[in-house]
Amino acid sequence: MLVVVTATINPLFLTPQGVKDLLLNATIVVILAIGQALVIITRNVDLSVGSILGLVAFGTGTLFAVYPGIPIILVFVIGMAFGAVLGAVNGLLVTIAKVPALVITLGTLYIYRGVNNAWAGGTQYFAGDRPRAFSSLSTDTIFGFPLITLLAIAVVVGVAIVLAYTRAGRDLYAIGSDPAAARLFGIPVTRRVLGAFVASGVLAGLAAVLYASRFNAVGATTGTGLELDVVAAAVVGGVAIFGGSGTVVGAAIGALLLTTITSALTALRVDKFWQQAIVGVLIIAAISVDRLVSLNRARKLRVSEARNV
Amino acid sequence: MTTPTLADDIPVLELHHASKAFGAVVALSDGTIEILPGEIHALVGENGAGKSTLIKVLAGVHRPDSGDFRLDGKPVSFGTPADSKAAGISVIYQEPTLFPDLTVAENIYIGRQPRGRGGLISRSTMRAEATKLFATLGVPIDPERIAAGLSIADQQIIEIAKAISLDARVLIMDEPTAALSGVEVERLFGVARSLRDRGAGILFISHRFDEVFGLSDRITVMRDGAFIATHTTGSVTVDAIVREMVGRDISALFPKEEAVIGDPVLSVRGLGRAGVFSDISFDVRAGEIVGLAGLVGAGRTEVARAIFGIDRYDAGSVEVNGVPLRPHDPQSAITAGLGLVPEDRRKQGLVMELSVTRNATLTLRTALARFGLISGAREHALGEDWSRRLQVKTASPDLPVATLSGGNQQKVVLAKWLATDPQVLIVDEPTRGIDIGTKAEVHRLISDLAGRGIAVLMISSELPEVLGMADRILVMREGRLTATIDRTDATAERVMFAATETLESTP
């Protein structure tokens, strides 16, 4: 509906280029939101993804500047490995120090950003410093879909299968549902939570490389504030903030929805500040609906059980 | 004192002289138990006797500091619960440990879901297996529903289904019946017996002697973290077991004092709440203890909550000394002289992180305050006074309530309300999960209160408690009052009949 209204008011919105831009804009948030969903499902949160993205994106720019002939695939591998290391730091601090993830990743948000600042200083790398083949990842399309969007869809499908159909994936839900019970039950809680953080880091690393492909400049402030968009996307997509339920498909749709709304509001020339307020309303609405549904479900179960007595 | 009689069988599980200390606190000094294949073994002892610690050692949750642990005669050592589970030991804890967001089937098979093509989980196989399992158990639980909202009884059944599907050789249950009603207990026991007949060894903890004697083949008694004795059930009496548990004789378990009964203080008329209870009318007089009996789920707690103003009601009225109470307003209920000791003291009766003092004086914040600020010294004096009067066993009244045993926590809840000088006290399952020694103290306290002219409404699922304590017994069934029985006429059969009657006859 939103899309239709916007398209009638601003016909540019639904042109092939407009749709392509929309998908491109969503891609990076989608990938980050998948990683975030994995972490939130275990009743944790990763606030450092924006900083990880910034650090890895700058690293990607640096790689191309220093080794101009470096194979693109190697850049992806290095970027994801770098993200994995940063995610592992989060995971180790959360599982070993047993400090809530909110605090730990708030800390690493600033630490990673600080490192990024110190490393980059005033330096910025521009698309012109990178090979054309790398940038074309974000411009080339197959059947109208940008390459990197297809990549994001592949990631969604892959992670969704892992979450729904592997024991490790189901363990994440169990852990988020009741961490104490999971421990009593013998589920390897530490290993799984660590794994979720590493996965979130890897995906943030992947998103960062794609970011460097998509956008012109990477520098000290790349990705600042992105973590909140990502958490919002996951929550709007139905990932329960207290863990235990939600899907990565939901998180991906949430990311797409948020991006669409932001783009639509921009296309409608709504003030930037109002856009943020609308996103806020959406988050609260999503959580309220979630709460209502679960209250309703609980009531129904109560009624049906009362009949059994 | 008898030692375990070794039959020809090698114990499937044996633990000798295990110890476990947490810092300076020795929770277990001599943990000894032998479980034979095909026996039901009861473990009894007061709270704090080390039963739960012993179970957690067997479950691999705690690693013992010393001791000899054998399975099938071979020494073993468990580092994690997963090790214990792999060895065929299945534990059902006091509070069921289900994952509320997962489906019932998944709860049973988590961590070992059946895998199909490509190593991925086969949901259809899992569902079919779970359905088969519930069919053998004869319970109608939908394996596809999520676990949130299941009754405690159903949660226990699922825990058992889990144990069966694990092909557990040893099933350990920590107070499995604490929250169950009679019918549900029978169903649970039926399952336990059939497991035994298939050769599994079963260990269960219980505070209910009728269960211990009705179900078990052998009984092990623990006291103060140490093994006392193991008996063959047929050759020992309740009295002997109680003596070993407390290390002394308990003269009277239910020390009911005769009190002068005065005028009605609490009057409930035609109270109803759609779908929960209806047409509830009764009086409680000064100095009287009225027992409210019935099966779990009969609506007793709901009535208490409505009277106290926590929940709304649609019809009827509640009066204290002839003055109507405002519905849905606990503050005015407290002002009118009502106190409620809730069923779940951990979640509703106490703030676990706060000190004994703070908890005991929580209801008196306004009275203790001067210019809107609470005086720490007065708070302290009052808290200390009450914990002394109720003999709360704590190293210091400044320690968090969470560090106390269940019985002592209950005393703190009582202190909290007694400090307000109430006229009516509603106690909901006052001795659930409390060991026998403290139980008698709680009973004495309640009886003492009635003696001082307080009107007491006592909800209890334990028949001996109701029969022993109450001057009058109200019985509820499916949201209605079905009988009022005087102390002199009350028998266990009459109460149970009133509580269950139509349940048998309805299709």
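In this predicted model, strand β11 (residues 264-273) of chain B pairs with strand β14 (residues 315-320) of chain B, antiparallel and over five bridges. One place to look is B:Arg269, which stands opposite B:Ser317 in β14(B). Both strands belong to an open sheet of four strands in chain B, ordered β12-β11-β14-β15, with antiparallel pairing. Who sits at the edges? That would be β12 (277-285) and β15 (323-324) of chain B; each has a single partner strand, so one side of each is left without a neighbour in the sheet. Helix α9(B) packs on this sheet, where it touches β11, β12 and β14 of chain B. The direction of α9(B) makes about 115° with that of β11(B).

**The six-stranded sheet of chain B**

There is also an open sheet of six strands in chain B, and here the pairing is mixed. Its order reads β16-β19-β20-β13-β21-β22. β16 (338-341) and β22 (480-486) of chain B are the edge strands; each of them has a single partner, so one side of each is left without a neighbour in the sheet. On average, neighbouring strands of this sheet are turned by 20° against each other, if you ignore direction.

Helix α9 (residues 300-308) of chain B turns up here too, packing on the six-stranded sheet and touching β13 (289-294), β16, β19 (424-428), β20 (455-459) and β21 of chain B. Its direction makes about 150° with that of β19(B).

At one end of the order, β21 (residues 472-477) of chain B and β22(B) run antiparallel, joined by six bridges. Within that pair, B:Leu474 has B:Thr484 of β22(B) as its bridge partner.

**Chain A: overall build**

Over to chain A, which has 13 helices and four strands. Along its principal axes, the C-alpha trace spans about 70 × 50 × 35 Å. The radius of gyration of chain A is 20 Å, which agrees with the value near 19 Å that a compact globule of 309 residues would have.

**Two helices that meet**

Helix α2 (residues 16-41) of chain A and helix α12 (residues 248-267) of chain A have axes that come within 8 Å and cross at roughly 145°. The crossing of α2(A) and α12(A) is right-handed. On the α2(A) side, the contact residues include A:Leu22, A:Ala26, A:Val29 and A:Ala33; on the α12(A) side, A:Ala251, A:Gly254, A:Ala255 and A:Thr259 are among them. By class, this contact has 12 nonpolar and six polar residues, with no charged ones.

**Domains**

| Chain | Domain 1 | Domain 2 | Distance between C-alpha centres |
|---|---|---|---|
| Chain A | 2-270 | 275-309 | 28 Å |
| Chain B | 13-98 + 150-246 | 258-337 + 426-434 + 458-507 | 34 Å |

In chain A, 10 residues of domain 1 are in contact with eight residues of domain 2. On the domain 1 side, the elements that give two or more residues are α11 (226-236) and α12 of chain A. Which of them gives the most? It is α12(A), with four residues. The domain 1 side of this contact divides into eight nonpolar and two polar residues, with no charged ones. Note that α12(A) is also the helix that crosses α2(A).

**Where chain A touches chain B**

Between the chains, 22 residues of chain A are in contact with 24 residues of chain B. On the chain A side, α8 (167-177), α9 (179-184) and α13 (272-308) each supply at least two residues. The most comes from α8(A), with six residues. What is the make-up of the side of chain A that touches chain B? Its residues divide into 11 nonpolar, five polar and six charged.

Note on methods:
Residues numbered from 1 in each chain as written. Chains lettered and ligands numbered in written order. Predicted model: local features only at pLDDT ≥ 70, side-chain atom pairs only at ≥ 80, totals over all residues. Axes fitted to C-alpha atoms, helices over the stretch in contact; angles between N-to-C directions. Left-handed = near helix turned anticlockwise from the far one by under 90°. Contact = placed C-beta atoms within 7 Å. Nonpolar A, V, L, I, M, F, W, Y, C, P; charged D, E, K, R; others polar. Domains from an automatic or database assignment. Pairing = 2+ DSSP bridges. Rg over C-alpha atoms; globule rule 2.2 N^0.38 Å.
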